[in-house]
Amino acid sequence: MTVLLYKMNESEKLFKKALKLIPGGVNSPVRAFGSVGGHPFFTEKAKNASITTIDGRELIDFVCSWGPAIHGHNHPTILNAINDALVKGTSFGTPNPYEVEMAEIITQAISSIEKVRMVNSGTEATMSCIRLARGYTQRDKIVKFAGCYHGHVDSLLVKAGSGALTFGNPDSAGIPKSYAGETLVLPFNDFDAIELAFINHGEKIAAVILEPYPANNGLILPQPGFLNKLRNLCDKYGSVLIFDEVISGFRISYGGVQEKENIKPDLTALGKIIGGGLPVGAFGGKAEIMDNLAPQGPVYQAGTLSGNPLALAAGIAAVNLLKILNPYDNLERAVKKLKGYILEAADEKGIPLQIPQAGSVFCMIFTEKPIKSLNDVTASNTGLFKPLFHYALTNGVYLPPSAYEVCFTSTAHNEEILEKATEVIVAGIKAL
Ligand SMILES: *Cc1c(COP(=O)(O)O)cnc(C)c1O
């Protein structure tokens with residue numbers, strides 16, 4: 001099919017200006033629509049399940065700010081919490097009561113976290129986990145998995161080397177090869193590769209870091225026993241197991257993937273939802289490890305705005321709402337329904353489509369094979385996603401602007417809204 005063209009004149013004008021002032025016109029690459037083509041729109045405001053562009057178009061939002069907006073946009077409870085904090089001051093540079101309240105909430109929600117420190121982004125959280133694991137174990141090597149994204153941390157922006165058991169190469173300019181050379185990149189769900197990696201390098205491995213449900217390159221779910229295998233190997237070799245739950249924390253269940261799968265990592269990175277829409281990250285875990293952080297221990301970590309009262313007020317409100325509402329079953333059921341209709345449409349059309357789902361997270365991947373690793377995702381036909389994306393956008397539904405990014409829903413995505421969105425996506429599939 002030909003891509004339907006929508007006109008968003010105000011957005012186009014502003015993007016032209018942005019291109020002159022901001023590299024690529026955006027402050028985070030995927031926002032530039034590079035992989036779907038066309039120009040990004042600019043958002044004027046967002047409320048519940050919708051965002052409104054500066055051109056006045058209202059779109060049903062399946063990006064949800066890339067995960068944080070699990071209550072939809074601008075939830076009144078979160079707004080009120082920010083307002084209450086705002087009148088007291090925006091930043092103090094001293095301890096404040098919100099920090100202790102948030103630490104209590106996180107440690108009660110996630111039993112593997114005995115102590116926690118707040119930071120300002122998910123990237124800071126994973127970066128700090130890596131440094132802490134290295135400081136604690138006094139080892140340098142890191143194991144990560146292809147397809148897992150952990151923010152733009154030097155030692156984690158690494159792609160696999162020439163063989164499964166060779167150390168990695170930088171996945172960005174500006175990262176020293178020697179740095180990347182400390183990181184081993186393995187295929188997710190590959191039991192043999194991780195076993196071999198530990199046999200060959202176990203005594204040098206400081207940490208294994210992973211998204212327990214990798215959700216940054218499609219959605220890859222762990223095979224039964226895989227997470228357990230990692231737990232056991234880390235125990236055997238004295239390596240630190242780090243779950244990056246920046247997306248999945250408080251989204252897959254209140255206690256994250258680790259609660260759902262009943263596996264306790266040593267350290268956990270959090271972000272996104274726990275900021276209630278403001279910039280926040282956190283990392284925490286066993287007290288024995290966390291106590292290595294300055295000022296108590298030798299691992300340095302700090303932040304001028306860490307524990308910011310506005311961000312924590314928003315985050316506390318967002319997380320408390322999740323505890324009260326316990327929306328997880330409903331969120332999962334709603335996505336299952338939507339998924340059923342989309343799969344049916346693809347089937348009728350004879351288009352191979354997989355829709356891996358974990359609760360309110362899902363991804364449409366045009367391929368015949370079930371998704372078990374990054375290779376299964378990259379083997380898909382992204383040529384089918386682009387026209388679907390543009391069809392949806394033209395008709396009022398904002399899907400993530402990349403075939404490899406997951407869709408998120410929120411408690412604001414009610415039945416009526418999801419029915420409307422389903423109709424559009426189904427029509428988009430039929431039009432392919
Ligand atoms: C978003 C994300 C990060 C990075 O968080 P930022 O706040 O963007 O720095 C890290 N890990 C995972 C799994 C993420 O999805």
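**Cavities and ligand shell**

Modeller: The largest cavity has a volume of about 50 Å³, where a cavity is, on a 1 Å grid over the protein atoms alone, a set of points where a 1.4 Å probe fits but cannot get out, and a volume is the space filled by probe spheres set on the points, which are joined across faces, edges and corners. This is a predicted model, in which local features need pLDDT of at least 70 and side-chain atom pairs count only at pLDDT 80 or more, while totals for chains, interfaces and linings use all residues. Residues are numbered from 1 along each chain as its sequence is written, and side-chain values use heavy atoms, with hydrogens and water left out.

Biologist: What volume does the second largest cavity have?

Modeller: Its lining comprises Tyr213, Ala215, Leu219, Ile247, Ser248, Ile252 and Val361, of which six are nonpolar and one polar. The space in the second largest cavity is about 40 Å³.

Biologist: Which side chain has an N or O atom 2.6 Å from an oxygen atom of the ligand, and is charged?

Modeller: The residues around the ligand (a heavy atom within 4 Å) include Ser121, Tyr149, Ile247 and Lys272. Lys counts as charged, and the side chain with an N or O atom 2.6 Å from a ligand oxygen atom is that of Lys272.

Terms used:
Polar contact = N/O pair within 3.5 Å; in protein donor to acceptor, adjacent residues only side chain to side chain. 1 Å grid on protein atoms, 1.4 Å probe; cavity = no way out; pocket = protein on both sides within 12 Å on 5 of 7 lines; lining within 4 Å.
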